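Student: Could you take a close look at one part of this model for me, the pairing of charged side chains? I'd like the cut-offs along the way, please.

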Amino acid sequence: MKVLNSAIIGGGAIHGCHVNALCHLPDVTLRALVDIDSVKGLKLAMDYRCRFYQDYREMLRDPLIDVVHICTPHFEHKEMILAALAAGKHVFCEKPVAMNGREIADIIQAADRAPGLLGVCYQNRLNPTSQYIQKMLAGGSLGRMLSIKAVLTWSRSGSYYTESPWRGRLATEGGSLLINQAIHTLDLMQWFAGGVTRLKGVVESGELADVTEGEDSAMATLHFANGARGLFYASNCNTVDSPLLLEIHCEHGTLQLTDNTLWRIGQGERTKLISDAAPDGSAKSYWGLGHQQAIRRFYHAITQPEKTDYTDIRSAGKSLTLVEAIYRSSQIRQWIEIAH
Ligand SMILES: NC(=O)c1ccc[n+]([C@@H]2O[C@H](COP(=O)([O-])OP(=O)(O)OC[C@H]3O[C@@H](n4cnc5c(N)ncnc54)[C@H](O)[C@@H]3O)[C@@H](O)[C@H]2O)c1
């Protein structure tokens, strides 16, 4: 089997999850690490015994590189995706795939024309609990879905923003809590319910108002395509990263995700279904274990084109559309219709 050569752009907080995932893949070599910070990048490249580039465009000229991982600030994603696809590479990009819907449209156009695949990292879809929920819902035993409630309360300190100054700025992060942290929760909600038709939301800034230009808290009511209702609350003002609380209320029972364990509640009983295993040292607990699986699925799709079970740009764009719609709704204090 042909060995695939990979490059990672951005050697910051998340890149270790990508390195770790690549180490677990047979027939894949990490060939290059790119970072504009040459001190950090060179050291990482030495650790990984790979090449170092300070300029990602120079790396793209290496004909031996097949797959490019984008682990950089949000405002750089679109430009890097377009350049890597134009260079004939496959691209695996961290969420959010872009800053807004306009950028998604440009990326879709480029991805449709490109020979390479474009995958986006929504690793929480691959948590055992998420997979279990999808199977239960598809199986039909719970009957019609009535609502999804999601509560995400995490903690972000001032140093989280000062250590990477692109965070907390609208021009480089594109928002704050919604586009960076809670986008995973919005993604799961829309994924479980098969899409959102309209929403009304509000964003606010309190505790972190002095450190981020974006919001630190948000809430929204969503109407899903399947007729169910969504209630969403998220905040970065907690003092601890609490696990996501999610409840899916259906005609014949409720699925409850709490403390990373999924329960079925109904007829006076609460039955444990499955738990998510704790990640190893390469990932923070709230990132989950899914990077490895998400990346494995993407590489399988490259080598076996019949395998298409990775998150592509159209699927990845949905949660970003919701993020943008909540920002807009909060501005104009009205419901926003979501186009499909
Ligand atoms: N999937 C998840 O759960 C998850 C978790 C954390 C972060 N992320 C995402 O990962 C991405 C990176 O976030 P992070 O927290 O690792 O950021 P970070 O600030 O820790 O790291 C970014 C790195 O990119 C480098 N960089 C910036 N511009 C560059 C350029 N033009 N060329 C080469 N290198 C460049 C920086 O020097 C830095 O080392 C973001 O999209 C973020 O939302 C995803």
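Tutor: Happy to! Arg31 is buried, and Asp62 is buried too, where buried means under 20% relative accessible area, exposed over 50% and partly exposed in between, with a 1.4 Å probe and protein chains only. Please keep in mind that this is a predicted model, in which local features need pLDDT of at least 70 and side-chain atom pairs count only at pLDDT 80 or more, while totals for chains, interfaces and linings use all residues. Residues are numbered from 1 along each chain as its sequence is written, and side-chain values use heavy atoms, leaving out hydrogens and water.

Arg31 and Asp62 form a salt bridge, with their closest N and O atoms 2.7 Å apart; the term asks for a side-chain nitrogen of Lys or Arg within 4 Å of a carboxyl oxygen of Asp or Glu. Arg31 sits in strand S2 and Asp62 in the loop between helix H3 (56-60) and S4, so the pair ties together parts 31 residues apart in sequence. Helices (H or I, at least four residues) and strands (E, at least two) are DSSP runs, numbered from the N terminus.

Over the whole structure, a search finds twelve salt bridges. Another of them joins Asp187 and Arg125 at 2.8 Å, N to O. Asp187 belongs to helix H9 (residues 177-193) and Arg125 to the loop between S6 and helix H6 (128-139), so this pair ties together parts 62 residues apart in sequence. Asp187 is buried at a relative accessible area of 1%, and Arg125 is buried at 7%.
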